[in-house]
Amino acid sequence: MSSNIIPTENDILMGRGARTRDHKGNKRFQSIVRQYRESYAATRTYKQKDAIANEVLARLRESDPPGRFLTDDNSSKDTQHGDSAEGAAWSVVVDKKKIME
């Protein structure tokens, strides 16, 4: 459900294309993930991998304002908002499985 959510610089915009690739929050997220890449690849158990993923999520939530994973309710690029995060109907993704995809 969307309620006029406006993405912040700490939010991660889910999807493809320039508006997600170029969003400041997505770049920050990629930087954080890179910091954990080697230890994640070296772990052998799901429990260890899950702990690392939770560390990444915790770092995002410690931001001010906290980082959120957002999805465009329209779920497709259209002419109304094109490559811009503004004007889209964003909603917060709360399902961890969807985030981990």
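Tutor: The place to begin is Leu 13, which stands opposite Leu 70 in β2. The model is predicted, so local features need pLDDT of at least 70 and side-chain atom pairs count only at pLDDT 80 or more, whereas totals for chains, interfaces and linings use all residues. Residues are numbered from 1 along each chain as its sequence is written, and side-chain values use heavy atoms, with hydrogens and water left out.

Leu 70 has a counterpart in another strand too, for this residue stands opposite Val 92 in β3. β1 and β2 run in the parallel sense and are joined over two bridges, while β2 and β3, the latter covering residues 90-92, are antiparallel and joined over three bridges. Taken together, three strands form an open sheet of mixed pairing, in the order β1-β2-β3. β1 and β3 stand at its edges with a single partner strand each, so one side of each is left without a neighbour in the sheet.

The sheet can now be placed along the chain. Of the contacts between residues with a separation of 6 or more, 52% join residues 24 or more positions apart (contact meaning heavy atoms within 4.5 Å).

Phe 69 shows how such contacts gather around one side chain. Apart from its neighbours within four places in sequence, Phe 69 is in contact with Ile 12, Met 14, Phe 29, Leu 57, Leu 60, Ser 91, Val 92, Val 93 and Ile 99. Leu 13 and Leu 70, the facing pair of the opening, are among the five residues of a second, separate nonpolar core that also includes Ile 5 and Trp 90. Such a core is a set of buried Ala, Val, Leu, Ile, Met, Phe, Trp, Tyr and Cys residues joined through side-chain atoms within 4.5 Å. Buried means under 20% relative accessible area, exposed over 50%, and partly exposed in between, with a 1.4 Å probe and protein chains only.

Phe 69 itself belongs to the largest nonpolar core, whose 10 residues also include Ile 12, Ile 32, Tyr 36, Val 93 and Ile 99. α2 and α3 each supply at least two residues of this core, and the largest share, four residues, comes from α3. Over the whole protein, buried residues make up 33% of the 101 residues.

Charged side chains close the picture. The whole structure holds four salt bridges (a side-chain nitrogen of Lys or Arg within 4 Å of a carboxyl oxygen of Asp or Glu). In one of them, Asp 11 and Arg 68 meet at 2.7 Å, N to O. This pair links distant parts of the chain, with Asp 11 in the segment before β1 and Arg 68 in the loop between α3 (46-61) and β2 (69-72), 57 residues apart.

Lys 24 lies in helix α2 (residues 24-42) and Glu 9 in the segment before β1 (12-13), so the pair ties together parts that are 15 residues apart in sequence. Lys 24 is exposed, with a relative accessibility of 54%, and Glu 9 is partly exposed, with 46%. Arg 21 and Asp 22 form another salt bridge, at 3.4 Å from N to O, and here Asp 22 is partly exposed, with a relative accessible area of 44%. Arg 19, which lies in helix α1 (residues 18-21), counts as buried at 12% relative accessibility.

Definitions and conventions
Pairing = 2+ DSSP bridges.
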